[in-house]
Each structure stands twice: as C-alpha cells, then as structure tokens.
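I looked up each point in turn.

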Amino acid sequence: MQQYSDCPQVLREFLSYHETIKGQSARTISEYYLDLRLFLRFMKLVKNEMPYTTDLNSISIKDVDLEFIKTITITDIYDFLSYLANDRKSDEYADAGIGAAARFRKLSAIKSFYKYLTVRTKLLTVNPVKDMEYPKLQKALPRYLTLEESKQLLLSVHGPNAARDYAILMLFLNCGIRRSELVGLNLTDVYEDRIRVLGKGNKERFVYFGSACKAAIDAYLPERKKQVLSDDRALFGSRDSNRISVTAVHRLVKKHILAAGLDPERFSAHKLRHTAATLMLKNGVDIRTVQEVLGHEHLNTTEIYTHIESTELKIAAEANPLSRLTKPEGSDEENADF
C-alpha cells in the first residue's frame, strides 16, 4: 500500500481490506483509490466552503477521519454526482461532465466504502448511500464477428510471429478470455485440452478448447521455446523479449482485423470475446456454461448475449415468406385453404 501514502488511515484500511481479504486485483484497488480520493477531495471542498474554482488536485485528504465522514449527508453525495455529470472535465469532452458509466463506477466505489464502514467494521451506523439508485446506463448490444468473418480473420494471419498471433486469435475466439487474462498466461497454464486462467478478483478457472485451438498452440510452442524472455514463465512473448503486453495484443489484433478487410474501428480483442460467447450460444451451449467460460460473476452480465440471439431470431422469423401472408378478404377460417 506504499503508493497510497497520501490516503487517510480509514481509506488505507478500506483498500487493504479489498486487497488482502477480498483478493481484488491491483487495478481494482487503484480504481477504488482514485474514485474515493476524488470523492473525499470534493467533500472537503464543500465542507470547508472553498471556492468551486479550487483545483481539486490541490486538496489534501490526509486529515480526513471518521468524524469528518460522519458529517457527509446524502445531499452532499448528490452534489458530488451532479458535479460529475455537469462540471467534471473529461479528456473526451472538454466542455461536459463525465458519462453515466464513469459516474456509475464512482458511485459503486462510494457504496462499497460505506458498506465496509457500516457492515464490515461497524465504524458507522448510518449508510447514506444504501438505497441510492445508480445512474441509468444505456445498454448497447455487443458487436461480434460472424462465423465467416472469424474464419476470414484467421486466414489473414501471415508474416513474422504468425504462429504466435494465430494462437492468440484462436484462444480469443475459442475460449473468450480477456486481454489481461491472455497476457497473464504462463507456459504451465496450458494443459492437454484446457488452459488455467486468472480472472477478475484473482479468481482461477479452467477453460477448455477444441482440437483446432490445441493445434494452434502446439504449432506455436516450439517457436516460444526458442525465445529467452525476461519473464521466462510467460506463454506469449514480445519482440523486446518481455512478456507480451495488453497494448501489444491490442495492436496485433487490430493489424490482423485490418488485413482481413474488416473494420478495425468496430472490432477489437474484446469483440473477439463477444464473438466466442455469441458463437457458443448460437450452437446450443447453455447460458450458465457460457457464464462459467467467460468468468462472469453474475448471470445478467452474460444474458446480454441472449438479446443478440433474440434479435437474430426475430429477423429470421420475418425473413420467412409465410410471415407476410395475409388472409384473403371475404374468406372465413373454416373454408380457408391456406
């Protein structure tokens, strides 16, 4: 927790709890820290009646204690959410507040913080955000490649590192793993018919693959064994002899998507995960099995793929010429010959 030395004690203990007890990833802990630091800075701005033009980055929160947190009301928290929606500058929109998804995440961090203080440690008796609603999110159906587009992508892999890149694409399309999960794979995580994946919250799961994916990995392994990497455990290496990075994976996927004649603006490594999930459901895999494969904690996260299926089923139904057949005028049901 050295990097969070500017935190007040109560926040450091919360972060430590999520790291050591809940087993949250370093990335999740960092997001909690940044979101709650911003929240507490804004609370100090409000409680100390500082001018709204004050740079929040200049406000220290080291002196925030439990007594200060007890003074925060639900009205203060609504003011914070209003600030995020209307005044907080983002890199993408210089003249607007941040989007609903970012506000959702920040409120989630605040809720988690207050749950820790009231339920886990019982340092507080009142939770002002317990029943607060989250910002409404517009859910868009995830983009994915069709089976033919997926084949097209795989056939586009040529040139240097072709065996490595082909194996990576096969793992994405067959196993539906995340970029961070692929980057974290070690040689010892590959078994005869499955891989061991370290997912969100440091949760391990096994994901099985078929013969084509196995063949791709087997074709790559002799090449990998010739490499000497700074982290020799890594399954996938980069040209600078390090473990392959998330950024490098992003770039190589975009490169092959472009080579396949597909739109690199519409498709990415994460869309290959969507593709794997959609193809599984299309071919009769139970949704709870897909949930396990993808490592989703909640079923409703997986259920978005069923909406894709429903949409396509509707299109298929409407494509049937009988769906547009109308009953002839003046006929009755008993004598109708259709």
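In which loop does Asp 231 lie? I found Asp 231 in the loop between α9 and α10 (246-259); helices are DSSP runs of H or I with at least four residues, numbered from the N terminus. The model is predicted, so local features need pLDDT of at least 70 and side-chain atom pairs count only at pLDDT 80 or more, while totals for chains, interfaces and linings use all residues. Residues are numbered from 1 along each chain as its sequence is written, and side-chain values use heavy atoms, without hydrogens and water.

Entry on Asp 231. I noted that Asp 231 is buried because its relative accessible area is 18%; buried means under 20% (1.4 Å probe, protein chains only). Asp 231 touches Arg 224 and Arg 243, leaving aside residues up to four places away in sequence; contact means heavy atoms within 4.5 Å. I then looked up polar contacts, which are pairs of N or O atoms within 3.5 Å, where within protein one must be able to donate a hydrogen and the other to accept it, and residues adjacent in sequence count only if both atoms are side-chain atoms. The side chain of Asp 231 makes one with the side chain of Arg 243 at 2.9 Å and one with that of Arg 233 at 3.0 Å.

Entry on α9. I recorded that Arg 224 is among the buried residues of α9, as are Cys 213 and Tyr 220. What covers the buried residues of α9 includes α7 (162-175).

Technical notes:
Buried < 20%, exposed > 50% of the residue type's maximum accessible area, 1.4 Å probe, protein only. Helix = DSSP H or I, 4+ residues; strand = E, 2+ residues; numbered from the N terminus.
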